[in-house]
Amino acid sequence: METTISSEQLTVICDTKGGEQRAITSREGIDYLWNGDARYWGGRAPTLFPFVGRLRGNRADSAAGEIRLPRHGLARQYEWTVEKADAASVTYFLASDERTREGYPYDFEMRICHTVEGASVTTAYTVHNRGDIPMPFCIGAHPGYRVPLDERDAFEDYTVEFEYPETADCPQVDGATGLLVDSVRNRFLSDERSFRLNHVLFRGDALIFDTLKSRSVRVFSRRSGRGFHMDFEGFDYFGIWSSSADAPLLCLEPWTGTATGDSEDDVFEHKRGMRLLAPGEEARYHFTLTVF
């Protein structure tokens, strides 16, 4: 079921399937969010929970028992409930049940709140441990955006620019397993703030940044000046991805953890970025997209 929220500058459509955004449209009629064209990527803006990426063999051991889930976990697979909504905001709710515990044996409640204000839309996550043992989890976002935004632009006309100059050695992704190859890192940025997009960058999967100083990034066309800006304070990892099929889309992905590294074991609590949430405790994260 879809819910529409809006400001004087944006109209945002959200859906109970995954609790995710389905469209972001400016008052000029520009569609910013990816449309889910399955020729390239059928997603739009899924939430990644209780982990990001892939587990080795799609499984891991934990204090509560075996975790067995596909890439990016369970949140995107479920119908969420609309908890509350008004003209500018909608909050979705999901609670653990018998089905979720088959793959993730922990009791939790989650909320995703989308709020639009001016030219910005903020997505806020709340994770609550309603069980009686510490609950390990990571959370991330995987929104895709249309690049190019203007039919006169090309993908290669766009620049990605970080808040600060960065020196980044990005780990490779094993195409067969989806795991990070910790032992092979490629120097991608050397005290640089920006790089130009081209499809070749994504032949080996996502660019994964795990040592960023920046907590904001913008993507813009050098020809038209049009683009978008993301603030992701509170997320220690960041992925940038596009389909290897030369898709007209770009995903900006703030994460609190990453896929399993090939140097890691299969204990869920040992995964990088893992948060242990005490019984009754809540954790909150948010990111904001601003269009221009």
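## Basis

Helices (H or I, at least four residues) and strands (E, at least two) are DSSP runs, numbered from the N terminus. Residue numbers start from 1 along each chain as its sequence is written, and side-chain values use heavy atoms, without hydrogens and water. The model is predicted: local features need pLDDT of at least 70, side-chain atom pairs count only at pLDDT 80 or more, and totals for chains, interfaces and linings use all residues.

## Backbone

Aspartate 205, in the loop between β15 and β16 (207-209), has a positive phi of about 90 degrees although it is not a glycine. Its relative accessible area is 29%, so aspartate 205 is partly exposed (buried is under 20%, exposed over 50%, partly exposed in between; 1.4 Å probe, protein chains only). Histidine 72, also not a glycine, has a positive phi of about 70 degrees; histidine 72 is buried, at 8% relative accessibility.

The peptide bond from phenylalanine 49 to proline 50 is cis, with omega near 5 degrees. Another cis bond joins valine 147 and proline 148, with omega about 10 degrees.

## Pockets

A pocket is an open set of points on a 1 Å grid over the protein atoms alone, where a 1.4 Å probe fits, with protein on both sides within 12 Å along at least five of seven lines; lining residues have an atom within 4 Å of a point. The largest pocket is lined by 19 residues, with Arg71, His72, His142, Asp205 and Ala206 nearest its centre.

Asp205 and Ala206 are also among the residues lining the second largest pocket. To that lining β14 gives the most, with four residues.
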